[in-house]
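Here is a short tour of one protein model for anyone who likes to have a structure open while reading. Please bring it up on your screen and follow along.

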Amino acid sequence: MYQQVLDPVAHSLAWSSLIAAIPLLVLFVLLGVFRLRAWVASLVALAVALIVAIAVYGMPVGQAVLATSEGAAFGFFPILWIVINAIWVYNMTVETGHFDVLRRSFTSISDDRRIQAIIIAFSFGALIEALAGFGTPVAVTSVMLMALGFSPIKSAVLALTANTAPVAFGAMATPILTLGTVTDIDSDTLGAMVGRQTPILAIFVPLVLVFIVDGARGLRETWPYALACGLVFGFAQYVTSNFISVPLADVVASLLSVAALVVAVRLRRPIASPVTAHALAAEGPGGADPGAADPDERPAARGGTDASAAPGREAAPGREAAPGREAAPGREAGEERGGTAVLPDSRAEVVRAYAPYAIIIGVFVICQIGPVKEFLERATTIVDWPGLHLTNTAGKELSSVAFKFNWFTTPGTQMLVAGLITMIVLKVSVGRALRAYGATLNQLKWAILTVMAVLGLAFVMNASGQTVTLGTWMAGAGGLFALISPILGWLGVAVTGSDTSANSLFGALQVTAANQADLSATLMAASNSSGGVLGKMISPQNLAIAAAAVGLDNREGDIFRRVVGWSLVFLAGICLLSWLQSTAVLSWMVP
């Protein structure tokens, strides 16, 4: 049995907070400054968290180890269970050559890489976030971007940066529904409040994606398209969350945003740019992006081998033209393989290329239907983690000791079902599918270790009281708490990798602090979730998923340094918005 202590160091919250923050500082310094491999940095930070929990907070060794084991188990199920099956589906499409067809289809919408980045990383990623969440959009969109010719590291950075504005409404608004449960505030009210914060963020995300792809020139040439996509997404997210359905906010916003972007491109194509309009053809296999800062800024290999496939695996070759026959008009030189032109893909091939993603969406939508979801929930079991006995400072048992096995409602199992259906549609044999699954596990081996270590770290910090110490200390800021409230959510997601977990951790604390400072409880709780979405791109869990997906194992530190600045800039904006909404300036925005 262990009862949490909030101020173990000289009975001072301030001093205790400094000690409680050490494991996080160690983790991010090892990643960002010393460039250690993510799994090494995570294990070192976990060891530091255990030392702090045992030596400073007085947590029994057995309880600390059990909390670590529960966190590691949670890291595998449901989180890694989702990612493994998502990457498996992708690897099957690479194995059969259908991902190449999908790439060419996306290119037909626009050969401008800046537009492609917005469509895939932002709009399509938001749809995957809405249906699955938990790192799935980062895994899927990063490899899609690589297939279009983006460099591995840029693909990862784009996928992580885009996975922000949709997160609060991800997995059919699971973070907001959880926030409503822990705060006793109606989830529709919370959803409406979040829907008056993240849509503003959504306006700027596509603009940042364009800047990441092509710098200031990209903004000058394509800002109307990026702005149109962001405005439509933000407006749709606001309207849906406030007046239609909170769980459907991202679904509606993602579909309308991509429709708006496609219409805009059809009406007027972006100004051609040397690194965009014909970049795939001009660069050639292995060619570097103009202005690249390092050797990693190279597009994925095209034509023969898909660089995002499992090591050693080659994408199936396309259909070659008969001797002397030319490729279809508009097909770029980069679409040739071995000097032989490739014929345009048939409609049936294009349909099969899109089929896995249509299947995924269909399976997830069906599983969200009320009666179906209730039926699947019957198999869910909740067990107390063996030997783990934790209470908070008031002596009440912590809910974290209960482990939930939601066998059929977890997106991971639903992704597995979608993969099995994909096998049939793409005519993948059982043996071939099993080999692809084995290759997927090998591809993700370091990510699996990293995620399990990070979740072990998070559970130890939560169980011992380190995280609550940090939150309680920040909650003592009085009226200024409205300014720093989003930082709590950001910190929670940076540690756990999940907006849902951050809301569970700090939701009630936000309400308590709001009441003490005479602030809106609804605003502060919503700010926790809105700030949390910006911690996802720097979470070691998501960094590991992105790195593994694009084949940059042990390069998480490099990705971290490229996204942390955007995370902090966006966080500053949400903090300012939260503070203004607590004052007479924007208080009219609070429902």
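D184 is placed in the loop between α9 (170-183) and α10 (187-194), where helices (H or I, at least four residues) and strands (E, at least two) are DSSP runs numbered from the N terminus. This is a predicted model, in which local features need pLDDT of at least 70 and side-chain atom pairs count only at pLDDT 80 or more, while totals for chains, interfaces and linings use all residues. Residues are numbered from 1 along each chain as its sequence is written, and side-chain values use heavy atoms, with hydrogens and water left out.

**Loop residues with positive phi**

- The phi of D184 is near 60 degrees, a positive value in a residue other than glycine.
- D184 counts as exposed because its relative accessibility is 73%; exposed means over 50% relative accessible area, buried under 20%, and partly exposed in between (1.4 Å probe, protein chains only).
- A10 is not a glycine either, yet its phi is positive at about 55 degrees.
- You will find A10 in the loop between β1 (2-3) and α1 (13-20), and with a relative accessible area of 63% A10 is exposed.

**The chain as a whole**

- The protein chain has 24 helices and 4 strands.
- Of the 591 residues in the protein chain, 60% are buried.
- Taking contacts (heavy atoms within 4.5 Å) between residues at least 6 apart in sequence, 78% join residues at least 24 apart.

**Helix α4**

- A cis peptide bond, with omega at about 20 degrees, joins F77 and P78.
- F77 is buried, its relative accessible area being 10%.
- Beyond its neighbours within four places in sequence, F77 touches F403, K404, F405, N406, W407 and T410.
- F77 and W407 are 330 residues apart in sequence, but their C-alpha atoms are 9.4 Å apart in space.
- T93 also lies in α4 and counts as buried at 1% relative accessibility.
- Outside the four places on either side in sequence, T93 is in contact with H98, F99, P356 and L426.

**A bent helix and a straight span**

- Helix α11 (residues 198-244) has 47 residues, yet its end C-alpha atoms are only 17 Å apart, short of the 69 Å that a straight helix would reach at 1.5 Å a residue; the expected span is 1.5 Å times one less than the number of residues.
- A kink of about 130 degrees in α11 is centred on D214, the bend being the angle between axes fitted to the seven residues ending there and the seven starting there.
- Helix α20 (residues 481-496) has 16 residues and reaches 22 Å from its first C-alpha to its last, close to the 22 Å expected at 1.5 Å a residue.
- In α20, 13 of the 16 residues are buried, so this helix is largely enclosed by the rest of the structure.
- Just after α20 comes G497, with a positive phi of about 80 degrees.

**Where α23 meets α24**

- A547 belongs to helix α23 (residues 540-549) and is buried, with a relative accessible area of 0%.
- L543, A544 and A547 in α23 meet E556, I559, F560 and V563 in α24.
- A547 and I559 are 12 residues apart in sequence and 7.8 Å apart in space, C-alpha to C-alpha.
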